[in-house]
Amino acid sequence: MASETRGPQGFERVIEAAPAKVAEFAETKTPVQKLQYALHQTPALVPLIVLVASIIGFGLLLGHKFFSAYALTLILQQVAITGIVGAAQTLVVMTAGIELSVGAITVLSSVIMGQFTFRYGIPAPISVLCGLGVGTFIGFLNGTMVARMKLPPFIVTLGMWQIVLAANFIYSANETIRAQDIEEKAPILQFFGETIRIGGAVLNFGAILMIAIVAVLAYVLRHTAFGRHVYAVGDDPDAAELAGVKVKSILISVYTISGLICGLAGWALIGRLGSVSPTSAQLENINSITAVVIGGISLFGGRGSILGMMFGALIVGVFTLGLRMYGTDPQWTFLLIGSLIIAAVAVDQWIRKAAA
Amino acid sequence: MASETRGPQGFERVIEAAPAKVAEFAETKTPVQKLQYALHQTPALVPLIVLVASIIGFGLLLGHKFFSAYALTLILQQVAITGIVGAAQTLVVMTAGIELSVGAITVLSSVIMGQFTFRYGIPAPISVLCGLGVGTFIGFLNGTMVARMKLPPFIVTLGMWQIVLAANFIYSANETIRAQDIEEKAPILQFFGETIRIGGAVLNFGAILMIAIVAVLAYVLRHTAFGRHVYAVGDDPDAAELAGVKVKSILISVYTISGLICGLAGWALIGRLGSVSPTSAQLENINSITAVVIGGISLFGGRGSILGMMFGALIVGVFTLGLRMYGTDPQWTFLLIGSLIIAAVAVDQWIRKAAA
Amino acid sequence: GGAFAETGACLITKTDTNPFFVKMKEGAQAEAEKLGITLKSYAGKVDGDNEAQVAAIETCIADGAKGILITPSDTKAIVPTVQKAREAGILVIALDTPLDPMDAADMTFATDNFSAGLLIGQWAKANLGDAAANAKIAMLDLAVSQPTVDVLRDQGFLQGFGIDLGDANKWGDETDARIVGHDVTAGNEEGGRKAMENLLAKDPDINVVYTINEPAAAGAYEALKAVGKDQGTLIVSVDGGCPGVKNVEGGVIGATSQQYPMLMASKGIEAIAAFAKDGTKPAATEGKTFFDTGVQLITDKPVEGVPSIDSKAGLGICWG
Amino acid sequence: MDQKGGGVMDPILTARGLTKRYGKVTALDHCDFELYPGEILAVIGDNGAGKSTLIKALSGAVIPDEGEIRLEGQPINFASPLDARAKGIETVYQTLAMSPALSIADNMFMGRELRRPGMMGKLFRMLDRPQMERIAREKLSELGLMTIQDINQAVESLSGGQRQGVAVARAAAFGSKVIILDEPTAALGVKESRRVLELILDVKARGIPIILISHNMPHVFEVADRIHIHRLGRRLCVIDPKQYTMSDAVAFMTGAKLPEGAEAA
Amino acid sequence: MDQKGGGVMDPILTARGLTKRYGKVTALDHCDFELYPGEILAVIGDNGAGKSTLIKALSGAVIPDEGEIRLEGQPINFASPLDARAKGIETVYQTLAMSPALSIADNMFMGRELRRPGMMGKLFRMLDRPQMERIAREKLSELGLMTIQDINQAVESLSGGQRQGVAVARAAAFGSKVIILDEPTAALGVKESRRVLELILDVKARGIPIILISHNMPHVFEVADRIHIHRLGRRLCVIDPKQYTMSDAVAFMTGAKLPEGAEAA
Ligand SMILES: Nc1ncnc2c1ncn2[C@@H]1O[C@H](COP(=O)(O)OP(=O)(O)OP(=O)(O)O)[C@@H](O)[C@H]1O
Ligand SMILES: Nc1ncnc2c1ncn2[C@@H]1O[C@H](COP(=O)(O)OP(=O)(O)OP(=O)(O)O)[C@@H](O)[C@H]1O
Ligand SMILES: O[C@@H]1[C@@H](O)[C@H](O)OC[C@H]1O
Ligand SMILES: [Mg+2]
Ligand SMILES: [Mg+2]
């Protein structure tokens with residue numbers, strides 16, 4: 001059996017002579033191509049461009065009023081809660097999940113901070129910790145159901161949304177705690193409402209908190225193993241599992257951290273409102289998802305950057321304030337924001353395509 | 001070069017003698033396994049079981065009041081709109097999309113039917129056609145953006161939701177058209193409010209419309225090429241494209257048909273309310289998604305059956321009516337419905353896993 | 001349930017997240033317990049959620065209730081369903097918001113939301129005196145869907161302030177230059193703050209703020225405070241809830257129109273009890289087509305020609 | 001080197017100057033191509049040489065940036081694989097292109113489902129499932145894949161090799177003008193591979209030309225009439241397997257040796 | 001047939017009576033298995049015979065319904081592939097198990113990333129990217145995959161063969177006790193396949209035993225010390241490639257011939 005000799009078959013031997021480099025192609029690098037490459041490598045660049053363009057646009061339309069330090073920092077203040085909740089949302093979306101209960105967790109946490117302090121007389125700092133703890137725990141529950149029971153995130157958090165919101169109303173008896181009472185007895189609850197003024201610019205601690213959370217998560221996602229694992233889980237959980245990622249514990253951590261961030265958002269919410277109001281933050285799930293998507297993060301997971309989310313939130317903020325300053329009727333504003341959402345994503349898609 | 005003779009290599013020749021059947025395994029079929037197989041083959045069976053169980057449960061709890069022909073047909077009436085909108089939602093979800101504008105399309109269609117008749121004096125049947133046409137057209141717009149511009153369905157329909165809802169408020173000037181006026185001048189608008197009474201049972205045309213739409217779509221999805229293509233697109237659009245499915249035109253058709261169904265839901269809504277109310281149907285997007293998911297349809301597309309959606313809607317209907325009749329406080333009802341959503345999916349998952 | 005026929009009643013509110021309705025429910029619950037009536041409560045999920053109210057009425061019919069108390073979300077659209085309930089022999093009473101037509105219900109126990117707005121409008125005008133001619137007004141409304149309370153209060157306020165209403169059935173079509181703009185608040189602190197910020201960015205000289213309710217007013221105040229305009233800006237509101245009255249006391253809100261939801265509710269339950277006993281139906285206030293539970297202006301800065309009580313008195317009776 | 005495997009006949013499928021770039025990578029670089037009637041043309045080349053991209057361009061799955069494709073002398077512009085299929089070009093992609101959740105029969109007939117005869121089919125567009133299942137079963141048996149236990153089984157529950165078998169059976173059953181196979185035996189066992197080779201020869205006997213991409217030299221040399229050697233995104237040369245050895249072919253495709261003469265394309 | 005490829009040594013990895021059912025299908029049917037220190041064990045069998053399921057059970061990716069696995073004599077219960085990896089068992093799955101959107105370097109170091117030295121690494125857990133990229137490049141060059149243009153390229157932009165190369169390089173770089181390769185050359189070109197075979201021999205020379213699943217008989221017979229023939233979900237027999245021909249092996253695995261003697265497992 002001549003054909004059954006062991007060792008390389010005849011035709012396999014000639015490759016020794018082959019050049020080491022095989023399929024390499026000519027590479028040209030025009031400036032346009034460099035830009036395209038940059039857009040590819042830095043997914044947050046596209047929403048940043050849209051953001052800058054819309055600021056310039058409204059600046060031209062509305063003049064110095066809009067282009068003032070005051071108006072621009074006002075936008076930061078207005079998007080702070082959405083931006084913080086959006087950070088929580090981003091983590092979950094990265095894993096190809098979705099978090100519909102973020103708003104509910106946020107408001108329940110703030111209610112707990114307030115009620116614990118005022119109803120039970122617990123020292124405010126401890127109440128804050130309790131509020132953060134409850135947020136974290138709800139996130140943990142979500143994560144457990146998603147990771148261990150393998151229930152779809154949409155449905156887990158849809159159910160949790162209703163549960164937490166109802167619990168919030170039942171527990172708070174829909175009672176608002178007044179800003180004046182808080183100011184007097186537990187000012188620490190309003191900590192994130194403090195502001196720093198630099199000229200006309202008014203930066204509040206809530207906005208700083210948003211920027212800090214985004215910065216930390218951007219670092220974690222990009223530069224730590226945990227971050228890489230989050231991307232891998234979102235990309236293809238089966239592959240990630242086989243490649244040695246602890247998919248379940250990553251998922252649970254992600255939902256848990258996102259619960260904690262929502263708790264922080266609840267705290268910042270008290271700063272923003274002055275008071276503790278159980279009807280707040282109800283639309284933050286939709287707002288945060290909008291920010292995430294305008295920010296270029298794929299709802300299918302594994303792609304995008306958290307900076308994009310922040311720019312996404314700011315884009316909506318710029319448009320809302322810009323349109324209101326322009327004097328657009330609220331109903332029309334609502335309509336235009338709807339169009340903006342679609343347009344922003346269309347532009348994003350278009351730039352990416354042009355860059356592909 | 002002995003090893004380079006053409007023709008089968010030596011070792012390849014022996015297979016001629018191999019038996020034709022290769023890797024076949026012993027098959028055992030206990031009754032349990034048969035049930036498991038049935039559950040696998042008929043995804044709607046699981047929600048059906050949950051539905052029957054919950055009817056029996058509330059029947060035992062509430063006695064004849066709940067277990068009456070009247071109450072049971074009342075549930076059908078109450079879920080009719082959600083069921084119809086859910087059918088539209090199902091189609092979209094099958095393609096791995098999501099339709100957040102269904103409720104807005106529904107209410108705008110009904111407003112158009114009413115306003116065209118009463119504001120412009122257009123004959124009611126033509127106004128109905130106009131309403132259906134507008135619904136269909138909005139669906140078509142959604143589909144075009146999803147299929148041609150490749151924008152994510154979540155964001156397209158999120159934007160469209162706001163646009164259509166705002167347009168609805170602006171156009172209707174928030175005016176309700178009264179039932180008495182409609183009854184007098186354009187009774188056809190209330191067509192789906194007609195009822196058939198058989199003993200205590202009250203079946204209205206709206207419920208019959210829901211059943212008819214679900215039946216037709218169940219047939220189409222299961223027994224026509226279009227239906228198979230919808231599944232294929234949801235399963236893996238790239239593979240479907242390569243396998244020769246016109247992915248874009250399937251997507252556009254799906255969103256367009258779902259727009260048409262929402263238009264029908266708008267018509268049925270007038271029947272249900274008697275009047276045309278621009279603030280109705282706002283929660284139908286969440287309701288329909290809830291029905292779809294409790295019905296066992298995967299939000300990742302390509303899996304599930306539309307019958308499941310109908311059972312899902314009925315499950316929510318049974319719980320809502322049952323809890324209300326039991327006298328549960330509204331917030332507790334929301335809380336319990338939230339838990340139900342999670343529980344239903346957990347049971348579904350558990351049965352599927354046991355059956356795997 | 002008991003062995004003999006017990007009296008069942010339903011309370012259907014627009015939502016059960018608004019403190020106003022929470023109080024209304026408390027009032028109804030307390031009265032029902034007193035009179036031995038079984039009360040079941042229902043609510044829409046959002047203001048304007050008509051279908052939930054339709055489903056609630058259907059449930060009450062199926063449940064064999066004797067009477068229904070309802071604050072209609074859509075005053076016209078709910079009418080045919082109310083009709084069905086009345087045909088089934090159920091007493092239907094509208095609370096807080098009349099049906100359209102008003103006689104679609106057996107009786108209405110309500111405040112007049114338009115006059116609630118009117119009072120604060122008149123007060124604001126009188127308080128400003130001559131400056132009213134150059135006032136800069138921010139209108140913080142409820143929602144883009146413009147439910148009836150939203151329109152009635154807004155237009156009542158403008159009327160009271162002496163501004164031409166245009167179409168009285170909607171807000172936003174007025175042309176008076178004193179109005180800086182309208183924005184929506186969802187009736188809570190969050191919306192109030194953001195709407196206020198938006199309008200301030202448009203015109204920082206705003207000195208009069210109308211708000212749909214007191215939570216929105218509290219939010220607006222925070223926005224004003226943030227830019228150091230909390231002094232010297234008039235905020236007016238509607239509701240008269242205890243936190244709201246405290247805010248009048250604390251100078252956050254200049255004046256608010258107080259309503260009495262608990263009174264509406266307890267009166268409603270009494271009427272159902274009477275109806276169940278011998279079929280008597282409640283009667284309207286003298287000279288009106290409905291039972292007016294009244295509205296009073298609460299302010300610590302009373303003005304000539306507009307009757308008011310002070311915050312102390314208001315706190316004693318907040319929400320009836 | 002003998003270019004005209006089909007003698008004096010005109011090529012059925014030709015391409016000139018096909019170019020396709022992906023960002024920084026040029027997957028096809030002014031590539032030429034010819035397929036003659038009735039022949040089996042093998043395409044061989046290193047990993048990443050651009051073979052899959054070439055056949056995707058020919059089958060409408062990728063739209064080339066530059067270049068021209070002709071089918072039977074007519075210039076064509078496929079916008080999608082469906083266009084190519086409508087013209088009788090059937091392709092087994094390297095990724096297989098199956099819908100995992102659908103059954104084997106559904107997948108085989110995807111896009112060309114059979115309808116019931118009579119009213120049910122015409123008016124209600126009802127699928128003829130029994131018929132489709134029968135044919136699917138038949139085609140798989142021909143391939144020796146009878147062992148698939150249930151024709152209604154979802155494709156996702158098949159082993160890698162079984163899936164590949166289904167894809168090949170689908171192409172063989174429907175290709176009328178050209179059949180393109182991108183590594184059809186990569187995941188197949190010894191026996192199953194042989195069956196596919198036999199099937200390829202059967203198809204050829206039916207007069208249908210085949211493009212076969214494969215890394216398996218013995219198989220290529222066994223069935224191919226001509227061998228297109230692909231290197232660095234373009235056709236390096238076309239050789240006649242009867243005149244060249246496997247070693248020559250491998251030497252050309254890896255760059256160990258340069259082909260001489262006019263044939264270098 | 002010679003069972004003890006490793007002479008008198010004890011097997012490093014053994015399995016007894018492994019069974020795994022998927023619904024109606026029994027993928028593993030009381031399967032036995034042994035791997036000896038330092039050997040290359042090939043596993044061959046028809047498509048769907050259950051080879052991949054077997055190695056998934058050995059590497060923790062699938063939890064068997066029944067049966068026992070021992071590593072160096074100790075019974076083990078892997079709950080996940082991570083457990084197996086922690087014990088030094090490294091696997092290249094047939095599906096490759098890559099995260100498409102992540103870079104080559106990210107994928108190679110998935111689950112065992114390197115951290116910066118000093119504070120940045122300890123406290124801030126910062127990844128040492130330059131180091132990971134350097135090593136990844138090195139490992140790929142060894143495999144002749146230097147042609148990958150950009151080590152930060154996303155894996156999804158690689159050709160099928162390039163991807164497989166990355167997966168093999170990952171396993172070879174990290175396996176310390178056992179390396180399992182499920183059809184590692186299926187999508188590879190002639191040259192790339194040779195490189196993988198050389199790599200396998202290198203690894204063996206380092207004393208690490210290898211399980212190799214392949215449908216390529218010449219390759220199997222070239223490198224294997226023993227051949228485990230899998231049929232109908234279980235081990236049919238184990239043969240010594242020096243004493244049997246490829247034809248024998250193929251005849252056994254396809255059922256054309258029955259192995260005789262005590263070795264039939
Ligand atoms: N969608 C894509 N995006 C980016 N690059 C791509 C894409 N498809 C292919 N490429 C690149 O184009 C080149 C050619 O790829 P192609 O798949 O055609 O190679 P091939 O010859 O089929 O290789 P193999 O034998 O491994 O299948 C490779 O360098 C690959 O990385
Ligand atoms: N996840 C699963 N669900 C259902 N059936 C499965 C699953 N995985 C494998 N099987 C079945 O188990 C049997 C063995 O599959 P396996 O992948 O182990 O075969 P294999 O020997 O590796 O085949 P190949 O050579 O084609 O890769 C096949 O019949 C397959 O259909
Ligand atoms: O009258 C009610 C009002 O007081 C509350 O604040 O909002 C809803 C209204 O119906
Ligand atoms: Mg290829
Ligand atoms: Mg396998």
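**Figure 1. The site of ligand 2 is shared between chains, because residues from chains D and E surround this ligand.** The model shown here and in the other views is predicted. The shell around ligand 2 holds 20 residues, and the closest are D:Ser157, E:Gly48, E:Lys51, E:Ser52 and E:Thr53. Three elements each contribute at least two residues to this shell: helix 6 (160-174) of chain D, and strand 2 (25-35) and helix 1 (51-58) of chain E.

**Figure 2. Polar atoms of chain E lie beside oxygen atoms of ligand 2.** For E:Gly48, a backbone N or O atom is 2.8 Å from an oxygen atom of the ligand. A polar backbone atom of E:Ala49 lies 3.2 Å from an oxygen atom of ligand 2. The side chain of E:Glu183 places an N or O atom 3.4 Å from an oxygen atom of ligand 2. On its own, ligand 2 has 640 Å² of accessible area, and the protein covers 84% of this area.

**Figure 3. In chain E, a serine and a glutamine coordinate the magnesium ion that is ligand 5.** The coordinating atoms are OG of E:Ser52 and OE1 of E:Gln94, at 1.9 to 2.2 Å. E:Ser52 belongs to helix 1 of chain E, while E:Gln94 sits in the loop between strand 6 (89-92) and helix 3 (104-108), so the pair ties together parts of chain E that are 42 residues apart in sequence. With a relative accessible area of 18%, E:Ser52 is buried. E:Gln94 has a relative accessible area of 31% and is partly exposed.

**Figure 4. In chain D, the magnesium ion that is ligand 4 has D:Ser52 and D:Gln94 as its protein donors.** The donor atoms, OG of D:Ser52 and OE1 of D:Gln94, lie 1.9 to 2.2 Å from the ion. This pair links distant parts of the chain, 42 residues apart: D:Ser52 is in helix 1 (residues 51-58) of chain D, and D:Gln94 is in the loop that runs between strand 6 (89-92) and helix 3 (104-108). D:Ser52 counts as buried because its relative accessibility is 19%, under the cut-off of 20%. D:Gln94, at 31% relative accessibility, counts as partly exposed.

**Figure 5. Residues of chain C surround ligand 3.** The surrounding residues include C:Phe20, C:Phe21, C:Asp96, C:Val149, C:Arg153, C:Asn213 and C:Asp239. The side chain of C:Lys14 has an N or O atom 2.7 Å from an oxygen atom of ligand 3. For the side chain of C:Gln259, the distance from an N or O atom to an oxygen atom of ligand 3 is 2.8 Å, and for that of C:Asn18 it is 3.1 Å. Ligand 3 exposes 270 Å² when taken alone, and the protein buries 97% of that area. Helix 1 (19-35) and helix 5 (148-161) of chain C are the elements that give two or more residues to the shell. Chain C makes no contact with chain D, the closest C-alpha atoms of the two being 36 Å apart. Chain C and chain E do not touch either, with their nearest C-alpha atoms 37 Å apart.

**Figure 6. Helix 13 (residues 284-294) of chain B is mostly covered.** Ten of the eleven residues in helix 13 are buried. Among them are B:Glu284, B:Asn285, B:Ser288 and B:Thr290, together with B:Ile286, B:Ile289, B:Val292, B:Val293 and B:Ile294. B:Gly296 follows helix 13 and has a positive phi, near 85 degrees.

**Figure 7. Chain B can be superposed on chain A with an RMSD of 0.3 Å.** The same surface serves both copies, and 96% of the contact residues of chain B recur in chain A. Chain A has 15 helices and two strands, and its C-alpha trace spans about 95 × 50 × 35 Å along its principal axes. Of the 356 residues in chain A, 61% are buried. Among contacts in chain A between residues at least 6 apart in sequence, 75% are between residues at least 24 apart. The accessible surface of chain A is about 12,800 Å², and carbon and sulfur atoms account for 69% of this surface.

Technical notes:
Residues are numbered from 1 along each chain as its sequence is written. Chains are lettered from A and ligands numbered from 1 in the order in which they are written. This is a predicted model: local features need pLDDT of at least 70, side-chain atom pairs count only at pLDDT 80 or more; totals for chains, interfaces and linings use all residues. Side-chain values use heavy atoms; hydrogens and water are left out. Copies are superposed by least squares on the C-alpha atoms of residues with pLDDT of at least 70 in both. Contact means heavy atoms within 4.5 Å. Donors are N, O and S atoms within 2.8 Å of the metal (3.2 Å for Na, K and Ca); water is not among the atoms, so sites may look incomplete. Helices (H or I, at least four residues) and strands (E, at least two) are DSSP runs, numbered from the N terminus. Buried means under 20% relative accessible area, exposed over 50%, partly exposed in between (1.4 Å probe, protein chains only). A residue is near a molecule or strand if one of its heavy atoms lies within 4 Å of it. A polar contact is a pair of N or O atoms within 3.5 Å; within protein, one must be able to donate a hydrogen and the other to accept it, and residues adjacent in sequence count only if both atoms are side-chain atoms. Accessible areas come from the Shrake-Rupley method with a 1.4 Å probe; for residues, only the protein chains shown count as cover.
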